[in-house]
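Reader: Hi! Could you walk me through this one while I have it open?

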Amino acid sequence: MRVENLNWGPADRAVKRESRKRAIRAGNRLVQELRKVCPVGTRSTPLRTSGKYAGKDWTKHDAGALKKSIRTSTKRENSQLQTAISREVLVIAGHHKAYYAAITEHDKPWFRPTVERMRGEMNRILEGKE
(Lines give C-alpha, C1' and ligand atoms only; values in the text may rest on other atoms or scores of the structure.)
Protein backbone atom coordinates (compact mmCIF):
# COMPACT_ATOMS: atom_id res chain seq x y z
CA MET A 1 0.00 0.00 0.00
CA ARG A 2 1.32 3.40 -0.91
CA VAL A 3 0.12 6.70 0.52
CA GLU A 4 0.94 9.88 -1.31
CA ASN A 5 0.41 13.55 -0.50
CA LEU A 6 -0.31 12.91 3.16
CA ASN A 7 -0.65 16.19 5.06
CA TRP A 8 0.56 15.86 8.64
CA GLY A 9 0.17 19.60 9.37
CA PRO A 10 -3.28 19.51 11.04
CA ALA A 11 -2.37 16.49 13.16
CA ASP A 12 0.92 18.08 14.22
CA ARG A 13 -0.87 21.28 15.26
CA ALA A 14 -3.51 19.35 17.23
CA VAL A 15 -0.88 17.34 19.10
CA LYS A 16 1.16 20.44 19.84
CA ARG A 17 -1.92 22.34 21.08
CA GLU A 18 -2.92 19.50 23.45
CA SER A 19 0.65 19.10 24.69
CA ARG A 20 0.85 22.82 25.36
CA LYS A 21 -2.41 22.76 27.35
CA ARG A 22 -1.09 19.89 29.48
CA ALA A 23 2.23 21.66 30.04
CA ILE A 24 0.43 24.83 31.16
CA ARG A 25 -1.79 22.77 33.48
CA ALA A 26 1.30 21.08 35.00
CA GLY A 27 3.02 24.46 35.37
CA ASN A 28 0.01 25.98 37.12
CA ARG A 29 -0.14 23.04 39.51
CA LEU A 30 3.55 23.55 40.32
CA VAL A 31 2.93 27.27 40.94
CA GLN A 32 0.25 26.38 43.50
CA GLU A 33 2.67 24.17 45.43
CA LEU A 34 5.54 26.67 45.18
CA ARG A 35 3.38 29.42 46.66
CA LYS A 36 2.66 27.17 49.66
CA VAL A 37 6.35 26.69 50.51
CA CYS A 38 7.80 30.04 49.40
CA PRO A 39 9.58 31.93 52.20
CA VAL A 40 7.82 35.17 53.10
CA GLY A 41 9.54 38.12 54.75
CA THR A 42 8.22 39.70 57.92
CA ARG A 43 8.79 43.38 57.18
CA SER A 44 8.18 45.83 54.39
CA THR A 45 10.16 48.98 53.64
CA PRO A 46 8.84 52.04 51.81
CA LEU A 47 10.25 53.55 48.63
CA ARG A 48 13.41 55.55 49.32
CA THR A 49 12.82 59.27 49.12
CA SER A 50 16.40 60.48 49.51
CA GLY A 51 19.89 59.43 48.58
CA LYS A 52 21.44 58.08 45.43
CA TYR A 53 18.60 55.67 44.66
CA ALA A 54 15.66 57.89 45.65
CA GLY A 55 12.48 57.03 43.81
CA LYS A 56 13.85 53.79 42.34
CA ASP A 57 11.11 51.17 42.21
CA TRP A 58 13.34 48.34 43.41
CA THR A 59 14.16 50.08 46.75
CA LYS A 60 10.68 49.30 48.04
CA HIS A 61 10.34 45.86 49.66
CA ASP A 62 7.00 44.22 50.31
CA ALA A 63 6.65 41.17 52.51
CA GLY A 64 5.30 38.48 50.18
CA ALA A 65 6.60 40.00 46.94
CA LEU A 66 8.51 36.83 46.09
CA LYS A 67 5.42 34.70 46.66
CA LYS A 68 3.36 36.99 44.42
CA SER A 69 6.02 36.82 41.70
CA ILE A 70 5.75 33.05 41.15
CA ARG A 71 4.04 32.51 37.82
CA THR A 72 3.72 30.43 34.67
CA SER A 73 4.92 32.02 31.46
CA THR A 74 4.55 30.82 27.88
CA LYS A 75 6.12 31.74 24.60
CA ARG A 76 3.76 32.88 21.90
CA GLU A 77 2.29 29.97 19.99
CA ASN A 78 3.04 31.51 16.61
CA SER A 79 6.65 32.25 17.52
CA GLN A 80 9.22 31.75 14.79
CA LEU A 81 11.39 29.76 17.18
CA GLN A 82 11.17 26.01 16.77
CA THR A 83 11.32 24.76 20.35
CA ALA A 84 10.24 21.72 22.27
CA ILE A 85 6.97 21.94 24.20
CA SER A 86 8.77 21.67 27.54
CA ARG A 87 10.75 24.81 26.68
CA GLU A 88 7.63 26.81 25.80
CA VAL A 89 6.17 26.78 29.31
CA LEU A 90 8.23 28.23 32.15
CA VAL A 91 7.62 28.49 35.87
CA ILE A 92 9.33 31.64 37.13
CA ALA A 93 9.97 33.06 40.60
CA GLY A 94 11.14 36.64 40.99
CA HIS A 95 11.19 39.83 38.97
CA HIS A 96 12.77 43.27 39.26
CA LYS A 97 11.07 43.96 42.60
CA ALA A 98 11.70 40.45 43.97
CA TYR A 99 15.23 40.08 42.62
CA TYR A 100 16.31 37.96 45.59
CA ALA A 101 14.67 34.68 44.45
CA ALA A 102 18.03 33.05 43.67
CA ILE A 103 19.52 34.35 46.93
CA THR A 104 16.77 32.78 49.03
CA GLU A 105 17.01 29.55 47.04
CA HIS A 106 20.74 29.39 47.74
CA ASP A 107 20.27 30.14 51.45
CA LYS A 108 17.41 27.70 52.07
CA PRO A 109 16.28 25.66 49.05
CA TRP A 110 12.53 25.70 48.45
CA PHE A 111 12.06 25.83 44.66
CA ARG A 112 14.07 22.83 43.52
CA PRO A 113 12.89 20.44 46.29
CA THR A 114 9.29 21.29 45.40
CA VAL A 115 9.93 20.60 41.71
CA GLU A 116 11.51 17.25 42.61
CA ARG A 117 8.59 16.35 44.89
CA MET A 118 6.04 17.29 42.22
CA ARG A 119 7.83 15.54 39.34
CA GLY A 120 5.58 12.46 39.42
CA GLU A 121 2.35 14.44 39.49
CA MET A 122 3.56 16.75 36.71
CA ASN A 123 4.47 13.73 34.56
CA ARG A 124 0.98 12.29 35.08
CA ILE A 125 -0.55 15.59 33.96
CA LEU A 126 1.72 15.74 30.92
CA GLU A 127 0.81 12.16 29.99
CA GLY A 128 -2.91 12.99 30.26
CA LYS A 129 -3.58 10.66 33.20
CA GLU A 130 -4.95 13.48 35.40
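Author: Happy to! This is a predicted model, and the protein has four helices and two strands.

Reader: What pattern do they follow along the sequence?

Author: Reading along the sequence, you get α-α-β-β-α-α.

Reader: And what share of the residues counts as buried?

Author: Of the 130 residues of the protein, 22% count as buried. The accessible surface comes to about 9,800 Å², and 51% of that belongs to carbon and sulfur atoms. As for contacts with a separation of 6 or more, 61% of them come from residues 24 or more positions apart.

Reader: Let's go inside, then. How many residues does the largest nonpolar core have?

Author: The largest nonpolar core has 16 residues, and those with the most contacts inside it are Leu-30, Leu-66, Ile-70 and Trp-110. Helix H1 (9-37), helix H2 (65-69) and helix H4 (111-127) are the elements that give two or more residues to this core. As background, nonpolar side chains tend to be buried together in soluble globular proteins.

Reader: Pick Ile-70 for me. Which residues is it in contact with, leaving aside neighbours within four places in sequence?

Author: With those neighbours set aside, Ile-70 is in contact with Val-31, Leu-34, Arg-35, Cys-38, Ile-92, Ala-93 and Trp-110.

Reader: And Trp-110, is that one buried or exposed?

Author: Trp-110 has a relative accessible area of 5%, so this residue counts as buried.

Reader: Which residues of H1 are buried, and what do they pack against?

Author: The buried ones are Arg-20, Ala-23, Ala-26, Gly-27, Leu-30, Val-31, Glu-33 and Leu-34. The buried residues of H1 pack against strand E1 (71-74), strand E2 (89-92) and H4.

Reader: What about Lys-21, where is that found?

Author: Lys-21 is in helix H1 too, and at 49% relative accessibility Lys-21 counts as partly exposed. Lys-21 and Val-89 are 68 residues apart in sequence, and their C-alpha atoms are 9.7 Å apart in space.

Reader: Changing topic: how many salt bridges does the structure hold?

Author: Seven. One of them joins Glu-33 and Arg-117, with the closest N and O atoms 2.9 Å apart. That pair links distant parts of the chain, as Glu-33 is in helix H1 and Arg-117 in helix H4, 84 residues apart.

Reader: Glu-33 was on your buried list. What is its relative accessible area?

Author: Glu-33 has a relative accessible area of 9%, so Glu-33 is buried. Arg-117, at 49% relative accessibility, counts as partly exposed.

Reader: Which residues are linked with them in a network of salt bridges?

Author: The network links Arg-29, Glu-33, Lys-36, Arg-117 and Glu-121. Glu-121 lies in helix H4 and, at 18% relative accessibility, counts as buried because the cut-off is under 20%. Leaving aside its neighbours within four places in sequence, Glu-121 is in contact with Arg-29 and Glu-130.

Reader: What partner does Arg-119 have?

Author: Arg-119 forms a salt bridge with Glu-116, the closest N and O atoms being 2.7 Å apart. Both lie in helix H4, three residues apart, about one turn of the helix. An α-helix has 3.6 residues a turn, so residues three or four places apart point the same way. Arg-119 is partly exposed at 41%, and Glu-116 is partly exposed at 45%.

Reader: And Lys-129?

Author: Lys-129 forms a salt bridge with Glu-127, at 3.1 Å between the closest N and O atoms. Lys-129 is exposed, with a relative accessible area of 62%, whereas Glu-127 counts as partly exposed at 48%.

Reader: Back to the rings. How many aromatic pairs are there?

Author: Two aromatic pairs. Tyr-99 and Tyr-100 form an edge-to-face pair, 5.5 Å centre to centre with 80 degrees between the planes.

Reader: Is Tyr-99 buried or partly exposed?

Author: Tyr-99 is partly exposed, with a relative accessible area of 47%, while Trp-110 in the other pair is buried.

How values were computed
Residues are numbered from 1 along each chain as its sequence is written. This is a predicted model: local features need pLDDT of at least 70, side-chain atom pairs count only at pLDDT 80 or more; totals for chains, interfaces and linings use all residues. Side-chain values use heavy atoms; hydrogens and water are left out. A nonpolar core is a set of buried Ala, Val, Leu, Ile, Met, Phe, Trp, Tyr and Cys residues joined through side-chain atoms within 4.5 Å. Buried means under 20% relative accessible area, exposed over 50%, partly exposed in between (1.4 Å probe, protein chains only). Contact means heavy atoms within 4.5 Å. A salt bridge is a side-chain nitrogen of Lys or Arg within 4 Å of a carboxyl oxygen of Asp or Glu. Rings of Phe, Tyr and Trp (its six-membered ring) pair if their centres lie within 6.5 Å; planes under 30 degrees apart count as stacked, over 60 as edge-to-face and the rest as tilted. Accessible areas come from the Shrake-Rupley method with a 1.4 Å probe; for residues, only the protein chains shown count as cover.
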